[in-house]
Amino acid sequence: MPHEVQGVVSLAKGEPTQLASVLVPDPGPGEALVQVQACGVCHTDLHYREGGINDDFPFLLGHEASGIVESVGSGVTGVAPGDFVILNWRAVCGRCRACARGEPWYCFATFNAAQPMTLKDGTPLSPALGIGAFAEKTLVHAGQCTKVDPAVSPAVAGLLGCGVMAGIGAAINTGGVRRGQTVAVIGCGGVGCAAIAGARLAGAAKIVAVDVDDRKLATALRIGATHSVNSRATDAVQAIRDLTGGFGADVVIEAVGRPETYEQAFYARDLAGTVVLVGVPTPEMRLDLPLLDLFSRGGSLKSSWYGDCLPSRDFPMLVDLHLQGRLPLDAFVTETIELDDVESAFAAMSRGDVLRSVVVF
């Protein structure tokens, strides 16, 4: 029998979300039923509501989640009922060409649950990023469950499922920040601040936070930035160069996803430095740079998708570092809210009032 739970759904493009009864099947082969304990409110959920991802309405929103495995289907060996897990949207296949060459974080054939969750009338729901965790229970592929130390707060743990992992991974995995390097982060929302935390964790000597909002810059300094630049009042490129001996930063992480800020990142890096794009652009955006500058400045221009993470490797490690007091993941939880407060959380996020609102069940 399916489980009837309350969930936050988006029925049509641009319309406010609403609470609805959702039917969640028992797990089939390779699947896991998870009792959700916490789920962060991410910009990606708002993109789904606005039709910015695709038009597969209605959506069951929510994807930055943690919870307890309630039951598993046949063939599942990696997790068991009672395990505390973080949900991820990159369940690697282990067989595609990326996995075969030892780079599973680029997996081209990731898994989701085969069975749909539905509204009470049987209408299939599209779960955000294959998860759909703004609900009391959700059905996922077992590979989307990563077991971690249950001592961690569920509200903190769930954030590794998307935004915080994207930022930390952009610094450590994609950017390859090393001890003693200089790093600049343009855009200090949740992902940008996570990139700052990752750069600090990697041992960067100087971390420059850039934003147009002094509130966000203050948060960035608390999380680990050594310097801040308000680019509304100051030329960001020149400021970053001035703070790095005139050279530019070794690694510049662009966490906005706009051509203007990407161009700043490009020119704010040192010769042979690295630019990492982790901010998500929209389809109509274009970039115009002199080809000679691309050639003459050398270095690397990279994009970071989900922080190039491997959940089975990175989630337990980052949770352990947090529990040791070496990674302030709790600083990203601005507020905890109820399930019916998601729409208000979208508004607070759009105003820049929060790093993360987290639904706690």
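This is a predicted model: local features need pLDDT of at least 70, side-chain atom pairs count only at pLDDT 80 or more; totals for chains, interfaces and linings use all residues.
Hi everyone. Let me start with one term: a residue is called buried when its relative accessible area is under 20%.

Across the whole structure, a search turns up six aromatic pairs. One of them joins Tyr-48 and Phe-59: the ring centres are 4.9 Å apart and the planes meet at 65°, so this pair is edge-to-face. Tyr-48 sits in helix α1, residues 43–49, while Phe-59 belongs to strand β4, residues 59–60, so the contact ties together parts that are 11 residues apart in sequence. How accessible is Phe-59? Its relative accessibility is 1%, which counts as buried. Tyr-48 is buried as well, at 6%.

Now back to our opening two. The rings of Trp-89 and Tyr-306 have centres 4.3 Å apart and planes at 10°, so they are stacked. Trp-89 is in the loop between β6 (84–87) and α2 (97–100), and Tyr-306 is in the loop between β16 (300–303) and α10 (311–323), so this pair ties together parts 217 residues apart in sequence.

Finally, a look at charges over rings. Which residue lies over the face of Phe-108? That would be Arg-97, at 4.0 Å from the ring centre. Phe-266 has Arg-297 over its face, at 5.8 Å from the ring centre.

Definitions and conventions. Residues are numbered from 1 along each chain as its sequence is written. Side-chain values use heavy atoms; hydrogens and water are left out. Rings of Phe, Tyr and Trp (its six-membered ring) pair if their centres lie within 6.5 Å; planes under 30 degrees apart count as stacked, over 60 as edge-to-face and the rest as tilted. Helices (H or I, at least four residues) and strands (E, at least two) are DSSP runs, numbered from the N terminus. Buried means under 20% relative accessible area, exposed over 50%, partly exposed in between (1.4 Å probe, protein chains only). A charge sits over a ring if NZ of Lys or CZ of Arg is within 6 Å of the ring centre and within 35 degrees of the ring normal.
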